[in-house]
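The sequence and the structure come next.

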Amino acid sequence: MKNMRIKVKAFGCKLTQCEAGEIESGLISAGYDVVDLPPFDIVIICGCTVTSRADYKVRQYLRRAKREFGAKKLILTGCSAQNIDQIKIRELSIDKVFPSNDKEEIVKYLNSDYSYDLCQNNTNIDCNINAHNYDNRTRGFVKIQDGCNQFCSYCIVPYVRGREVSLSPSNIIDKVNLLSDHGIKEVVLTGVHIGRYRHSNKDILGLCKMIAEETDIFRIRLSSIEPNEISDEMIEYIATSSKIAPHLHVPLQSGSDNILHNMNRSYTRDQYYEKIYKIYSNVKNIGIGTDIIVGFPGETEEDFSETYNVLESLPISYLHIFRYSKRAGTKAFAMEPHVNESIKRERMERLSSLDLVLRNKFINTQIGIDQTVIIERIVNSICEGITGNYLSVNFVSNSIIKNNIVIVKPIDYKNGVTNCYIEHIIL
Ligand code: SF4
């Protein structure tokens, strides 16, 4: 049994990647062989169901797993596991489905020669980390929270992930220490709704302070956080802390108040605008990314123009653009009128062009400004890494090794690459 080749494939967000890493850790600790390249005996898919397109990609991979990669067993977990019916399970020849909270049971299932059945009502949201998985990496994901109580009208996540739950600060500190002891320099705090982190009298800011004070990790990065969950104190802390990366990903979704209301988002366009300006004017050189959905039901040309105009006027450094697709089980599923697909595509293209403009604008403001970079890759003396404010940079050096932390000065931006020269090595 144990000399089987097992592939763990993750789709979707950083949380799913974090959970796939946890599954790999469990398998390796139990003596299984986790591999990257086919052929595979077993394929475990940590699926994403956030859009119809995400579902399609998971289905496509499941089909390829048996047909092209030789998999004899297919296991499905992650958000997709909570949003699949028996008909699809049979149609896709999936052998076993493990809801997210049951993913630790996968090893028991394999150990039992596929006879083990799931415990009922498992509420384990933890994400164990095997730090050896992170050997040779510079960045590690740490899950701090799961679930969401917000119920945005387009989003299936609260239905598949359940209500908000946070992991204890001591558990999180242990994981950050473990990663730091294995040479990881940056941790990304992940979850479904991390701005609502609450445990042992700590909120997200209290947790960040605790990690900064009680661990040796060099850099802490937050994954996506809602605008109204970024307090003035949080902004001040990011501005003054040497450990929190000056980078926030703050979803806007739409610049039209009418659409924001129908999406059940909890802020207006003006509130978003003010928040972003407050962050930008207080945190030097911060990089701010955002998510946008185009073609939400009822989105008129005027609504879209409001989105475009607000993005154009904000100091945003990059966009993640999504095309709205109907999701059965969500409130928006029944909303009318639906936007024509060709209009959605055209709006996406306009925003993609704006994204390039915003990226260029941001990078140009960073030319000549010293940046701290953790080196992630070196090929033929070309060193690559990510700055605190989330710029991907390149420079040439023969004296640098992976995981070094260096200060660089960006000198120009050509063909999508920010070229720098090295000032000095910190670590
Ligand atoms: S905040 Fe909204 S978009 Fe984000 S996970 Fe919760 S329901 Fe989904």
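By class, the shell around the ligand in this predicted model consists of seven nonpolar residues and two polar ones, with no charged residue. The residues concerned are Cys148, Gln150, Phe151, Cys152, Cys155, Val157, Pro158, Val192 and His193.

**Domains**

The domain assignment of the protein gives four parts: domain 1 covers 5-111, domain 2 covers 126-245, domain 3 covers 247-366 and domain 4 covers 371-425. For domain 3 and domain 4, the C-alpha centres are 30 Å apart. Contact between these two involves seven residues of domain 3 and eight residues of domain 4. On the domain 3 side, helix α12 (residues 341-366) gives the most, with three residues. By class, that side of domain 3 has two nonpolar and five polar residues, and no charged ones.

**Helix packing**

Two packed helices are described by the angle between their axes and the distance between the axes.

| Helix pair | Angle between axes | Distance between axes |
|---|---|---|
| α6 (residues 169-181) and α7 | about 40 degrees | 10 Å |
| α7 (residues 204-214) and α8 (residues 232-240) | about 25 degrees | 10 Å |
| α8 and α10 (residues 269-282) | about 30 degrees | 9 Å |

Take α6 and α7 to begin with. Their angle of about 40 degrees makes the two helices oblique to each other, and their crossing is right-handed. From α6, the residues Pro169, Ile172, Ile173 and Val176 meet Leu207, Met210, Ile211 and Glu214 of α7. Sorted by class, this contact has seven nonpolar residues, no polar residue and one charged residue.

Helix α7 also packs against α8, at an angle of about 25 degrees. Angles under 35 degrees count as roughly parallel, so α7 is roughly parallel to α8. The crossing of α7 and α8 is left-handed. On the α7 side the contact is made by Leu205, Cys208 and Lys209, and on the α8 side by Glu233, Met234 and Tyr237. The classes in the contact of α7 with α8 are four nonpolar, no polar and two charged.

Helix α8 in turn packs against α10, at about 30 degrees. These two helices are therefore roughly parallel to each other, and the crossing of α8 and α10 is right-handed. Ile235, Glu236 and Ala239 of α8 make the contact with Lys278, Ile279 and Asn282 of α10. In the contact of α8 with α10 there are three nonpolar residues, one polar residue and two charged residues.

**Backbone details**

Most residues other than glycine have a negative phi, and most peptide bonds are trans.

Where does the model have cis peptide bonds? One joins Pro38 and Pro39, with omega at about 5 degrees. Pro39 is in the loop between β2 (33-34) and β3 (42-47). Another cis peptide bond joins Glu336 and Pro337, and there omega is about -5 degrees. Pro337 is in the loop that runs between β13 (318-323) and α12. Helix α12 is also the element that gives the most residues to the side of domain 3 touching domain 4.

Ser200 is not a glycine, yet its phi is positive, at about 50 degrees. The loop holding Ser200 lies between β9 (186-190) and α7. Helix α7 is the helix that packs with α6 and with α8.

Key: Residues numbered from 1 in each chain as written. Predicted model: local features only at pLDDT ≥ 70, side-chain atom pairs only at ≥ 80, totals over all residues. Domains from an automatic or database assignment. Helix = DSSP H or I, 4+ residues; strand = E, 2+ residues; numbered from the N terminus. Nonpolar A, V, L, I, M, F, W, Y, C, P; charged D, E, K, R; others polar. Near = placed C-beta within 6 Å. Axes fitted to C-alpha atoms, helices over the stretch in contact; angles between N-to-C directions. Parallel < 35°, antiparallel > 145°, perpendicular 65-115°, else oblique. Left-handed = near helix turned anticlockwise from the far one by under 90°.
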